[in-house]
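Here is a friendly walk through one model, meant to be read with the structure open beside you.

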Amino acid sequence: MVDILSNLILGFSVALKPMYLLYCFVGVVLGTLVGVLPGIGALATIAMLLPFTFNLPPVASLIMLAGIYYGAQYGGSTTSILVNIPGEATTVITCLDGYQMARQGRAGPALGIAALGSFFAGCVATLIIVLFGPPLAEVALKFQQAEYFSLMVLGLIGAVVLASGSLLKAIAMVFLGLLFGLVGTDVYTGAARFNFGISELFDGIGFVPPAIGLFGFAEIIANMELKGKIEVFTAKVQRLMPTRADLKASWKAVLRGTAVGSLLGILPGGGALLSSFVSYTVEKKVARDPSRFGKGAIEGVAGPESANNAGAQTSFIPLLTLGIPGNAVMALLVGAMMIQGVAPGPRVMIERPELFWGLIASMWIGNMMLVVLNLPLIGIWIRLLTVPYRLLFPAILLFCCIGTYSINNSTIDVIMAAGFGLLGYFFRKLDCEPAPLVLGFILGPMMEENLRRAMLLSRGDPTVFFTRPISLGVLTAAAILLLLTIAPVVRHKRETVFKE
Amino acid sequence: MKKIIFCFAGLVLFCMGLVFTVSSVFAQSYPNKPIRIIVPLTAGGPNDIRARLIAEKLTESLGQQVLVENKPGADGAIGAEMVAKAAPDGYTLLLGPNGVVVIVPALYKKVRYDPVKDFAPITQLTSSVVTLLVNPSLPVKSVKELVALAKSKPGQLNYASPAAVHHLTTEMFKLMAGVDIVHIPYKGSAPSMTALISGEVSIMFDTSLSTMPHIKAGKARVLAVCSAKRSPTMPDVPTMSESGLPGFEANTWAGVLAPAGTPKEIVKRLNTEIVKILHMPSVKERLSSVGDEIVGSTPEEFAVYIKAELERYTKVIKDASIPRIE
């Protein structure tokens with residue numbers, strides 16, 4: 001314990017140096033900006049800035065790049081809430097209730113609770129890194145292919161729970177998402193699938209076109225129909241900050257979200273992605289009145305936002321303790337460390353303590369800077385909503401297109417986003433929700449990859465999912481969740497039968 | 001209001017026209033406009049680092065901006081195809097890692113570029129050492145012991161392949177050593193390393209860059225290096241040839257290529273400048289931090305090398321009956 005304290009003191013003494021404070025600030029501001037802009041995300045920004053870090057001292061470059069990453073989680077929720085456009089994959093869920101809150105004139109409280117919940121989660125998660133980093137990393141290693149597959153199954157069943165409307169339609173959307181996820185190449189043989197000879201589709205449809213299209217563009221198209229009734233946003237803006245009642249309603253969600261996110265974030269390869277989805281599912285299941293979800297329930301913002309920030313912080317654990325990057329952003333940070341001559345691995349803690357602890361201390365500082373930055377910004381964002389919609393939506397469209405294009409310098413991505421926009425509009429008319437589709441789309445390829453590898457490793461034996469204890473546990477949870485979801489529907493049908 | 005917009009648009013068009021006519025007059029000495037180096041992979045990897053290092057120094061020596069553009073996709077085929085089809089005027093270059101230049105054409109049936117015919121090689125920049133790793137719980141301390149263990153347990157040991165080139169290297173190993181180990185593919189070094197460390201797989205070939213930190217931490221055991229001579233960073237590790245597999249060599253490399261038909265003077269100029277850059281001490285140091293050994297060959301040597309590599313991998317694919325991908 002004393003050891004940790006002295007290390008923390010070392011860390012803060014490094015991170016509080018004016019130059020490093022500056023880099024931290026630059027990082028989190030950039031991250032927020034990038035998170036707010038649709039399309040371009042933390043990954044692309046870090047990749048672009050990587051060469052500039054050649055000439056910076058290693059601690060500075062890591063502090064800045066890390067700041068961009070968790071800063072983007074803060075910024076991404078802003079567009080999700082204000083204009084129903086997910087800035088990052090992890091903020092898709094925030095669109096569901098956050099945007100509805102904005103439509104009810106409660107954008108301020110939504111943004112506020114998102115910022116506060118994120119701050120709490122970020123601080124707690126950083127504490128977890130400090131106290132439990134190495135043992136948690138060992139736990140993460142126990143998750144192998146079979147466990148990942150079971151986790152994805154749990155996630156998919158959760159996807160159905162996401163929908164607030166018809167269960168059947170939600171299942172259909174999940175399957176549609178799975179189908180879209182098939183486009184690309186076969187993970188084992190590399191055979192092309194459904195890419196119609198278009199080489200850009202070789203790696204599959206990216207995440208951004210469907211997300212921006214189904215959520216953002218579809219919303220704009222749908223709003224066109226309302227013709228002038230859009231001003232409902234501004235007419236009803238009530239408060240800028242969450243009320244005491246809001247805070248009371250959300251604090252448990254924040255706690256649960258933090259727990260979920262911290263646990264899932266340590267799993268390399270997609271753990272953090274799932275955190276916001278799982279948190280939403282959990283909130284919906286424990287809520288006294290689940291029908292509020294999808295219509296502006298504040299827990300639907302508080303939980304997932306805390307979860308995705310906690311996940312973003314704990315996803316550093318595999319990198320810092322084992323030297324294994326947990327996702328693409330961490331892989332870039334590995335590159336940044338290597339350029340500086342720091343070989344990422346278990347020895348970094350021992351050989352370069354100022355780097356390790358300085359980075360950790362900077363995470364707290366960064367989170368504090370972010371909440372100080374974001375809370376006052378809420379006022380500015382609210383004022384943005386008062387801009388007449390006929391001027392606002394072309395600007396949104398423009399930013400979305402630029403953001404989508406900038407990912408791969410490819411116009412095909414923009415065209416796909418437009419196509420998904422049209423599709424999303426039709427889905428609205430049919431009362432089908434896009435969130436389960438997006439989740440199916442993300443989880444499908446991951447599920448397949450893990451399933452096939454698990455099969456390869458077990459030489460074709462499917463019982464491996466049930467004989468491995470963690471996998472069995474996760475699948476049992478999935479089965480319970482499925483039963484809980486279907487039971488009310490079955491009960492209702494039985495009631496109608498009995499009535500007749 | 002409308003008048004102003006029209007006038008402004010007209011002015012913009014006029015200026016654009018002016019710029020185009022003027023620039024076409026200046027198509028004289030090379031280079032007289034910015035040069036692009038296309039990296040056919042996502043930003044941040046070692047190839048990106050190599051490209052940006054060269055670009056930075058080349059900008060100084062050529063007096064023109066040399067920019068790095070990432071064009072990822074299709075395992076690098078998109079970027080490579082783009083350069084293959086670009087104008088052979090020396091303004092579009094490819095940073096070609098061996099995976100993109102040689103492995104993709106060998107593995108895929110329908111590739112839209114020919115590594116020998118569509119490119120004018122400029123120089124091979126670097127070569128990186130590939131290591132053979134096992135999970136420490138495996139009771140083997142040398143390649144010989146590994147081969148013996150694998151022979152006693154055919155079809156039971158798993159190996160991870162982080163990338164196609166390492167998959168082929170392992171198949172080559174299987175053929176030469178006569179062992180039967182099962183291929184588990186992963187997308188990249190990170191998941192493969194996780195699998196090796198956690199024991200999901202027991203064997204892996206990968207570049208020393210990705211593996212060194214884990215070897216040093218004791219999470220993975222290195223049995224041999226696949227270069228002809230021992231690596232200076234790991235002098236205690238024997239080569240594959242020393243370990244009972246004479247002639248077994250594998251590496252990963254990266255080079256710079258231009259579209260076929262690029263004038264010989266431009267190729268020669270670029271070669272001279274880049275080789276000079278490679279020998280700068282600061283560049284050497286930076287490149288060795290990503291595990292590279294400088295090569296800096298001539299265009300002719302590089303062309304011969306590419307052909308030889310293509311033949312070697314095509315042979316492995318045929319001998320190991322690896323199905324070629326549509």
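How far apart do the C-alpha centres of domain 1 of chain B and domain 2 of chain B lie? They lie 28 Å apart. Please keep in mind that this is a predicted model.

- Domain 1 of chain B is made of two stretches, 31-127 and 252-319, while domain 2 covers 129-225.
- Where the domains meet, 12 residues of domain 1 of chain B are in contact with 12 residues of domain 2 of chain B.
- On the domain 1 side of this contact, helix H4 (98-107) and helix H11 (299-319) of chain B are the elements that give two or more residues.
- That side of domain 1 of chain B holds 7 nonpolar, 4 polar and 1 charged residues.

**Chain B as a whole**

- Chain B has 11 helices and 10 strands.
- Along the principal axes, the C-alpha atoms of chain B fill a box of roughly 85 × 45 × 35 Å.
- Of the 326 residues in chain B, 49% are buried.
- Among contacts in chain B with a separation of 6 or more, 76% join residues 24 or more positions apart.

**Where chain A touches chain B**

- The two chains meet through 38 residues of chain A, which are in contact with 34 residues of chain B.
- On the chain A side, the elements that give two or more residues are helix H3 (42-49), helix H15 (328-339) and helix H20 (434-457).
- H15(A) gives the largest share of that side, with 5 residues.
- Sorted by class, the side of chain A that touches chain B has 22 nonpolar, 12 polar and 4 charged residues.

**Helices H1 and H17 of chain A**

- Helix H1 (residues 2-15) and helix H17 (residues 353-385) of chain A have axes 7 Å apart and pack at an angle of about 75 degrees.
- H1(A) is therefore roughly perpendicular to H17(A).
- From H1(A), the contact draws on A:Asn7, A:Leu8, A:Leu10, A:Gly11, A:Phe12, A:Val14 and A:Ala15.
- From H17(A), the residues in this contact include A:Pro353, A:Glu354, A:Trp357 and A:Ile365.
- By class, the contact of H1(A) with H17(A) has 10 nonpolar, 4 polar and 1 charged residues.

- Helix H4 (residues 58-83) and helix H6 (residues 107-142) of chain A cross at roughly 160 degrees, and their axes come within 10 Å.
- That angle is why H4(A) counts as roughly antiparallel to H6(A).
- The crossing of H4(A) past H6(A) is right-handed.
- On H4(A), the residues that meet H6(A) are A:Tyr70, A:Gln73, A:Tyr74, A:Ser77, A:Thr78, A:Ile81 and A:Leu82.
- Facing them on H6(A) are A:Ala107, A:Ala110, A:Leu111, A:Ala114, A:Ala115, A:Ser118 and A:Gly122.
- The contact of H4(A) with H6(A) has 9 nonpolar, 5 polar and no charged residues.
- Helix H5 (residues 92-103) of chain A also packs with H6(A), at an angle of about 140 degrees and with the axes 7 Å apart.
- H5(A) and H6(A) are therefore oblique to each other.
- A:Thr94, A:Gly98, A:Met101 and A:Ala102 of H5(A) make this contact with A:Ala107, A:Pro109, A:Ala110 and A:Ala114 of H6(A).
- The contact of H5(A) with H6(A) counts 6 nonpolar, 2 polar and no charged residues.

- Most residues other than glycine have a negative phi.
- A:Asp431 is not a glycine, yet has a positive phi of about 65 degrees.
- A:Asp431 sits in the loop between helix H19 (411-429) and H20 of chain A.
- With 9 other C-beta atoms within 10 Å, A:Asp431 is exposed.
- B:Ser321 is another residue other than glycine with a positive phi, near 55 degrees.
- The place of B:Ser321 is in the segment after H11 of chain B.
- B:Ser321 counts as exposed because 7 C-beta neighbours lie inside 10 Å.

Technical notes: Residues are numbered from 1 along each chain as its sequence is written. Chains are lettered from A and ligands numbered from 1 in the order in which they are written. This is a predicted model: local features need pLDDT of at least 70, side-chain atom pairs count only at pLDDT 80 or more; totals for chains, interfaces and linings use all residues. Domain bounds come from an automatic or database domain assignment. Two residues are in contact if their C-beta atoms, placed from the backbone, lie within 7 Å. Helices (H or I, at least four residues) and strands (E, at least two) are DSSP runs, numbered from the N terminus. Ala, Val, Leu, Ile, Met, Phe, Trp, Tyr, Cys and Pro count as nonpolar, Asp, Glu, Lys and Arg as charged, and the others, Gly among them, as polar. Axes are lines fitted to C-alpha atoms, for helices over the stretch in contact, and angles run from 0 to 180 degrees between N-to-C directions. Angles under 35 degrees count as roughly parallel, over 145 as roughly antiparallel, 65 to 115 as roughly perpendicular and the rest as oblique. A crossing is left-handed if the near helix is turned anticlockwise from the far one by less than a right angle, and right-handed if clockwise. A residue is buried if 20 or more other C-beta atoms lie within 10 Å of its own, exposed if 12 or fewer, and partly exposed in between; C-beta atoms are placed from the backbone.
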